[in-house]
Structure formats: C-alpha cells, structure tokens
Amino acid sequence: MFDIQTQLFESQDVRFAPIDHEKDPEVEARWTHDSEFMRMIDTVPARPMSAALIRKQYEKLEKQVEEDKNLYHFMIRLKADDRLIGKAMIHRIEWTNGNGFIRLGIGMATDQRKGYGTQALRMLLRFAFAELNLYRVSASVPEYNEGAIALLQKFGFVQEVCRRKSLERDGRRWDLYFFGLLNDEWRNQPQAALPKSIGTVVSGVTPQRHEVEG
Amino acid sequence: MKDLFRGELVRFTLEEPETAAKAELRWTHDTELHRLLDGDPAQLFSEKKIREWIEKQSADSSMPERYSFSVRTLAEDQYIGFLGLWVDLIHSEAWVGLGIGEREFWSKGYGTDMMKLCLQYVFTELCLERLSLGVHAYNPRAIRSYEKCGFRLEGRTRGDVLREGRRTDSLWMGILRAEWMQMQNGDRT
C-alpha cells in the first residue's frame, strides 16, 4: 500500500512552514548578529543584517524558487508556539542526474541540542528521497562544525570528499568536507522513518502529540 | 620575469567575441566533448546567444572573480580551446575548467600544458592558496593529466551523474600552493 498518509511537513515538535514576511525577518536578522552561527552555516563572510535586508533576501529567494525550479525552501517552526527556530533547504538540484545539496540551520544556541535539528533533517531527507525522488543528496560542512558532522553521520551520510585547506578563518586554514547519502542508504536505516503516530491524518483529524523515542 | 601566457605547446589569448562564438558554436555540436566537460544535458544554442554570453563574460572579466582565456597552439597558431577560472578571494581559492574543442589536439599533451600555465598564473599572479577542480570518473585522460600537474584526488561523490542509463562518480581534486612550490623547486634541482 502507498504511504500517502504520512504528513511530510510535520514532526513531533517542529514543522516546516513557508516564509512569514511580516514576522520572520526580525527573527532571522537577530541570528545574523551571532558570528559563530553565521560561520557554521556558511563560508561567505559573516556580517550582521537588518530585518529590511532579510526581507529583500526573502523576496529574492521566492523569485528564485519560482523561476529556477531547482530549489525547495522551508522555515522550521516550533509546533508549541509557532516560533521560527531555523531554516532548511534543498538546492542546486540537477533533475537529470537526480542529485541536490541540503542545508539546515537552527538559529539560536538555546534551541540547539533539543532534537529539533534531527527532526527537521528527518523531514528534509524524506522530502528529498520520497517526494522529489532524488537518487542522492550532498552536504558540504567545514571540519570545525562538529555538531553538523555528528548529525549527518547519525543519518548515515558518508564523508566522500575532503577539500584540503579550502577555507580560511581565524588566521588558519580548514578542510571542507562533502558528505553524501544515497536514496537506498536512507531507505534502509531506522533514522529515516517518521514516527508512525505523528502527523498521520485519520479521518481528517491530526492525532494528539505522542512521546516518541528519538 | 616569466612569460605568464606562454607554455611549451600553447599560449593564452582572448579571442574576439565573433571568432570565439563561431568556434564555440562548432564545439557545442561535439556531444562527447560536452559530456567530458559537464554533467548537465548537451544542448544547442544559436551563434547570437553564444556571442551574447561571451560578451557578458568579457564584461565580467573586469571583476576579480572571473578569468577567461582562449588557447592557441604555438606551432600552428591555431585556436583550439579555452580555460576559465572562478576565484574566491575570501578563501584564496579558485576553480578551474578547461576544454580542447579541436579533437585532433586531444591526447597530445596540450591539456597538460594549459594546466601548467594555469597553475603558474594561479599561484604567482593571482597568488592564491589553492586550486580545485571536478572531473568525471569516465574521463581518465583528464585525470591522468591533472595528476601529472600535481593535483591530488580528494574524494569522489558516488553516482552523482547519470549518463546513458549508468551512474558514474565525480572526482574532486585539489592542489595547494605549498605543493606546487615544492614541485617547482624540484624541477630546478
């Protein structure tokens, strides 16, 4: 039987949502004032941004989604209070080759290490492999982002490439890793499954939240 | 000082847009060339469209992120190919892509000579720390040439390209400034 009941954008504590142009810019602007966060998620120079600048970026992003057709973008919200806590995307998709790159970030230190990133990545991979039907996804991570590396390894990602000394930060050079996960590898490991009782719509009603083992 | 634009077999030039467009139009009809160079589907474009891209590229070449060269042989002064650099000044790294459109110049050391010139340019004129490239696993001729120039294999992305119904890997290679300098010193002694 086809599993079309599992909700792709719902997890235990978090959900995927579109951009809220009114409220999100101020939240995301605050994240950019944390240089450590910016350096974890990107190799471009960190710089603090205003809500106005973030608002412009959102417009550019939505235009790109519409025109390029190789990019899917989600805001990560906490189900309890609908607060924006992070962002996830699949981009640089090559449809003829069935591959793409994933990105994921939880903005505030206080929201990290609570399993939200794990839940979001589980949804993102299910979307990539069971909805977009990609053959593989890649992620590029600097060697100093140990949290991201541990998370990727938990989901079975394999370190495929070590681009030696390709980043410069704090006066020294760092390696940049490419990680890869194939559709088959994802399908055959326990982290892939969304908890059965969560997000399943029965008779049009979303059941109550259950405690589920990580 | 060294001649940055002159190797043993080839030299770097920049052809006029009309000349380059005519040649590239011809080269886009060679789908084997396209499949060696790229992972995306082969496509045909009008001469007008190609010339527009080349003109845009020339406009971009005033920027520090993009360098394009045309390649001519020294012996015949024949225009045979191209080489492009995409530079990340922040992290002091560049990516290189190169191709020989004229097939009779394949497998004769012209590509290796182009890459040697490129390395000299990257490390002594752009003064970068690292040069990177990606190459299809089904292009062993290119891989051998890059190894000869000092590139090291840094890994492979499994099955990321689908050609003729078969999955094939992309290989990723890199060379550091210190490694290239050491090779130069080795040559002298």
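Entry one, a helix pair in chain B. I'm working from a predicted model, and I started with α4(B), residues 110-124, against α5(B), residues 140-148. I get an angle of about 40 degrees between them, with the axes 9 Å apart. The crossing is right-handed.

Who touches whom here? From α4(B) I listed B:Gly111, B:Thr112 and B:Met115, and from α5(B) B:Ala142, B:Ser145, B:Tyr146 and B:Lys148. Sorted by class, that contact holds 3 nonpolar, 3 polar and 1 charged residue.

Entry two, the core. I looked up the largest nonpolar core, which has 73 residues. The members touching the most others are A:Leu124, B:Met114, B:Cys118 and B:Val122. Which element gives the largest share of this core? It's α4(B), with 9 residues. I then picked B:Val122 and, skipping residues up to four places away in sequence, found it touching B:Leu85, B:Ala94, B:Leu128 and B:Leu131.

Helix α1(A), residues 24-32, and helix α3(A), residues 51-68, cross at roughly 110 degrees, and their axes come within 8 Å. I therefore call α1(A) roughly perpendicular to α3(A). This crossing is right-handed. On the α1(A) side I noted A:Pro25, A:Glu26, A:Glu28 and A:Ala29; α3(A) brings A:Ala51, A:Ile54, A:Arg55 and A:Tyr58. My class tally for the contact of α1(A) with α3(A) is 5 nonpolar, no polar and 3 charged residues.

Methods: Residues numbered from 1 in each chain as written. Chains lettered and ligands numbered in written order. Predicted model: local features only at pLDDT ≥ 70, side-chain atom pairs only at ≥ 80, totals over all residues. Axes fitted to C-alpha atoms, helices over the stretch in contact; angles between N-to-C directions. Helix = DSSP H or I, 4+ residues; strand = E, 2+ residues; numbered from the N terminus. Left-handed = near helix turned anticlockwise from the far one by under 90°. Contact = placed C-beta atoms within 7 Å. Nonpolar A, V, L, I, M, F, W, Y, C, P; charged D, E, K, R; others polar. Core = buried A, V, L, I, M, F, W, Y, C linked by C-beta atoms within 7 Å. Buried ≥ 20, exposed ≤ 12 C-beta atoms within 10 Å, placed from the backbone. Parallel < 35°, antiparallel > 145°, perpendicular 65-115°, else oblique.
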